[in-house]
Structures are given as structure tokens and as C-alpha cells.
Amino acid sequence: WPDGHQGCAIMTHDVETVSGRDFCSYLMDIDDSFGIKSSFQLIPEKRYEVTNDFLCSIQDRGFEINLHGLNHDGHLFSNRKEFLRQAQRINQYAKEWSALGFRSPVMYRNLEWYGAFNFSYDMSVPGTAHLDPQHGGCCTVMPYFIDQVLELPLTTIQDYALFNIINEKSISLWKRQIELIIEKHGLISFLVHPDYIIDKQCCSIYQSLLEHLTQL
């Protein structure tokens, strides 16, 4: 990694609902309080309205905007013809929003079709996928290229799975994953949804994670 660091950490936020969108300003305050600039993956159609003021409220504070599919209906890769139609619209939104990155809704993916996207990087592939709807992770904690697109794999458990599937209300698992990734000098990447940390307890756990990251 640059400057001889042991590893790298990134924080990303997929915004899935109106409530999540409305929580983004507070979430940026939290991230900023720990000196962390994160990325927000937004859904341009159907789920919620994305205004220019909302986009500017993120970008003007030094946070990053990416695309999170088109409408989050889970069918982006169901049909090749429909995918190409949606990919064209996704690329147009990316151009209008100056977005360089992409994460597929529900992390459904067909990497053989990624040539239709005009993104610099993607974040749709988990390192492992035991708790994801689509199985089959990339089995690495290092970034790698898919043709011309840089893949930044998700190397830690998502907040939803942590809180609601394995019912863990602490950062113990996240801390263990961080330790293992640092041992391999890898990319520690997080996906925390604003939609799922509105709850005070979950938000407090998230802040504990940020505190641990800043200590590292």
C-alpha cells in the first residue's frame, strides 16, 4: 500500500430507502467526527427522489457518490437485453452525477456483462458470500481488475447480516475480520447502510467501529 502502510480501509454506505436517504446528513456528521470520508451508493429511480441539492450536500462535504443500480428491484442481471437498457441509463446517471463507482443491488452480479458499464471501479463482489443471496465470493482481500474495471471486494460482514442474521450486537466479529485482513495486508472494506443504523443501539455500535478504525 502507499507509504508502507499495513493495509487500507474504506467505508461505504448503500442507501436503500427514503428513511436511509434522510439519515445521510446525520451519518456524514458521524463519519466526519472520526475524520472518515465515505462513499454513498444511491438508487436513481423509484425508491426515493434524488435531488441536485441532495447530491451537492454529499459532494460538497468531500464524500463520494456512486450508483447502486437503477431501481433496486433485484432483476438487473435477469435478462441480457433488459440489462443493456438499464446499463445505458445507469451510465447516464453516473455521468450526470460525476460518479466513478458502482455497487449492484443485493450484490447480484454477472461479471461477464460488466463491459457495458462505464465505471472506474466496482464494489459488488464479496470476499466470501456465505450470508449473501448470490453465493461465490472472490476469495481475496486484495483489489483486482475485471477487464478495465477495478474491483474493490467487500471483505467484511454487512451490517444487516451482522445485526439481523447472526444477531450480533457488537463489533467483535468486525474486529476479528480486521485483524485477519491486516495480517494479509489487504483491503478492509465495510458496507453499512444508513437504513439499518437509524436505531440508537445499532448507531452506537457503528460509532464504536469508527472509533476502533481511527485507533488503528
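How many aromatic pairs does the structure hold? Please then describe how such pairs are arranged.

Modeller: The model is a predicted one, and it holds 16 aromatic pairs. One of them joins Phe83 and Phe117, whose ring centres lie 5.4 Å apart. Their planes meet at 80°, and because an angle over 60 degrees counts as edge-to-face, this pair is classed as edge-to-face. Phe83 belongs to helix H3 (residues 80–97), whereas Phe117 sits in the loop between strand E4 (101–102) and strand E5 (121–122). The pair therefore ties together parts that are 34 residues apart in sequence. Phe83 has a relative accessibility of 0% and counts as buried; Phe117, at 6%, also counts as buried.

A further pair is formed by Tyr160 and Tyr196, with ring centres 5.1 Å apart and planes at 55°, so it is tilted. Tyr160 lies in helix H4 (residues 159–165), and Tyr196 is found in the loop between strand E8 (187–191) and helix H6 (200–215). This contact thus ties together parts that are 36 residues apart in sequence. Tyr160 is partly exposed, its relative accessible area being 40%, and Tyr196 is likewise partly exposed, at 27%.

Finally, Phe83 and Phe117 are members of one aromatic cluster.

Notes. Residues numbered from 1 in each chain as written. Predicted model: local features only at pLDDT ≥ 70, side-chain atom pairs only at ≥ 80, totals over all residues. Heavy atoms only, no water. Phe/Tyr/Trp six-rings, centres within 6.5 Å; stacked < 30°, edge-to-face > 60°. Helix = DSSP H or I, 4+ residues; strand = E, 2+ residues; numbered from the N terminus. Buried < 20%, exposed > 50% of the residue type's maximum accessible area, 1.4 Å probe, protein only.
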